[in-house]
Amino acid sequence: MARRSWMTGCVAAALLVGATAGARGDVDRAGDVTAADKVPITVPLEGGLRLEYEGYFGGLHIGSARAVLEREGARYRVSAEARARGILEWFSEYRGEAETRGALAARDAAGLDGRAPKPDIHRNRGEWQGDERWVALDYDEAGRVATRDGSPPEEEEDELTPIPEGATTDTIDPISAIVALAGILENGGTCDTTLKLYDGRRRYDLTVADGGEKRFAPNDYSIFAGSARACALSIERIGGFRVGRVEYFTTARGRTVWVGRPIEAGPPVPVRVEVETAYGTLVIHLVAAHAGERRIALEPGRDVMADE
């Protein structure tokens, strides 16, 4: 089962939602109600900033992803979807969606000077080998987790590390972490912060360390060329994880998200992801970026989420 979580994390790593998208659980068998009924998620194809990614592991195509970032004043909405490709699709038939809505709140956090993301809701659902799992978080006006619902975990309670009492206070969801990091960089900061994350199953701290800037030359795998900043990620597990060793966490030697501006005057977003493990290197490329009339794509007109 640890391998399943690791592989799913690879598919969604570009959007930093892999920890949630791969949350394990049993099929929801409450009548005919599906995970889609419980946590409806729509990823719009128009409006906002639409980003599309392709992932490769050891040179093999293993996943596709799409994310849409929308802002209206202080309000934000980020929705994302991912699916397996190639041998991973054959093995898992994985598909997942996630959505977060919230506001940039007047409170200090993560060096944002009162512009920290405060989520209102977080929704996540996925399907692996026909099994559906889902999680839903609702927050109160103070930004605290008010309610949490989701499919039951496969593991028994004693197979998971406990989440300490009060540990979910002042946390944000993994998708809001993207908003937080973009806010830091947009305001002239660097990738030096620690974010307290809770995905509805797991509580962990995500530490981001600045790795400086690098200029990427044009290539056949990505639309991005230009200067990007390296954000090195490390995770401290607090609770909700399987007891014992987990392949992904114990073999990942480096997790780097390169953040840049694929569209001039647009927000900084992930343009490349690199994860080195004992099994090979995962590389995720940005292959399309759409914002209004500004559209850049390696293959114009192609739907990255369509069946092949």
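**Figure 1. Salt-bridge network of R50, E52, R66, E81 and D303.** In this predicted model, a network of salt bridges links R50, E52, R66, E81 and D303. The whole structure contains 21 salt bridges. Side chains of opposite charge can pair when their charged atoms come close.

**Figure 2. Salt bridge between R75 and D120.** The N to O distance in the salt bridge between the side chains of R75 and D120 is 2.5 Å. This pair connects distant parts of the chain, with R75 in strand β3 and D120 in strand β5 (residues 116-128), 45 residues apart. R75 is partly exposed, at 40% relative accessibility. D120 is also partly exposed, and its relative accessible area is 23%.

**Figure 3. Salt bridges D199 with R202 and E274 with R272.** In the salt bridge of D199 with R202, the closest N and O atoms lie 3.3 Å apart. D199 and R202 are both buried. A salt bridge also joins the side chains of E274 and R272, at 2.6 Å from N to O. E274 has 21% relative accessibility and counts as partly exposed, because the buried class is limited to residues under 20% relative accessible area.

**Figure 4. Lining of the second largest pocket.** The second largest pocket holds about 430 Å³ of space. Its lining comprises 22 residues, and those nearest the centre of the pocket are L69, R71, A182, E186 and P267. At least two lining residues come from each of β2 (60-72), β3 (75-84) and α5 (174-186). Helix α5 makes the greatest contribution to this lining, with five residues. Sorted by class, the lining consists of 13 nonpolar, four polar and five charged residues.

Figure 5. Helix α4 (residues 86-92) gives the most to the patch, with three residues. L60 belongs to strand β2. The relative accessible area of L60 is 51%, so this residue is classed as exposed, the limit being over 50%.

Figure 6. I178 is part of helix α5 and is buried, at 12% relative accessibility. The C-alpha atoms of I178 and V78 are 9.1 Å apart, although 100 residues separate the two along the chain. C231 is located in strand β10 (residues 226-239). C231 has 0% relative accessibility and is therefore counted as buried. Between C231 and T256, the C-alpha to C-alpha distance is 5.5 Å and the separation in sequence is 25 residues.

Figure 7. E93 is not a glycine, yet its phi is positive, near 55°. E93 sits in the loop between α4 and β4 (95-105). With a relative accessible area of 53%, E93 is exposed. D170, likewise not a glycine, has a positive phi of about 60°. The loop between β7 (145-150) and α5 contains D170. D170 is partly exposed, with a relative accessible area of 45%.

Terms used. Residues numbered from 1 in each chain as written. Predicted model: local features only at pLDDT ≥ 70, side-chain atom pairs only at ≥ 80, totals over all residues. Heavy atoms only, no water. 1 Å grid on protein atoms, 1.4 Å probe; cavity = no way out; pocket = protein on both sides within 12 Å on 5 of 7 lines; lining within 4 Å. Points joined across faces, edges and corners; volume = space filled by probe spheres on them. Helix = DSSP H or I, 4+ residues; strand = E, 2+ residues; numbered from the N terminus. Nonpolar A, V, L, I, M, F, W, Y, C, P; charged D, E, K, R; others polar. Buried < 20%, exposed > 50% of the residue type's maximum accessible area, 1.4 Å probe, protein only. Salt bridge = Lys/Arg side-chain N within 4 Å of Asp/Glu carboxyl O.
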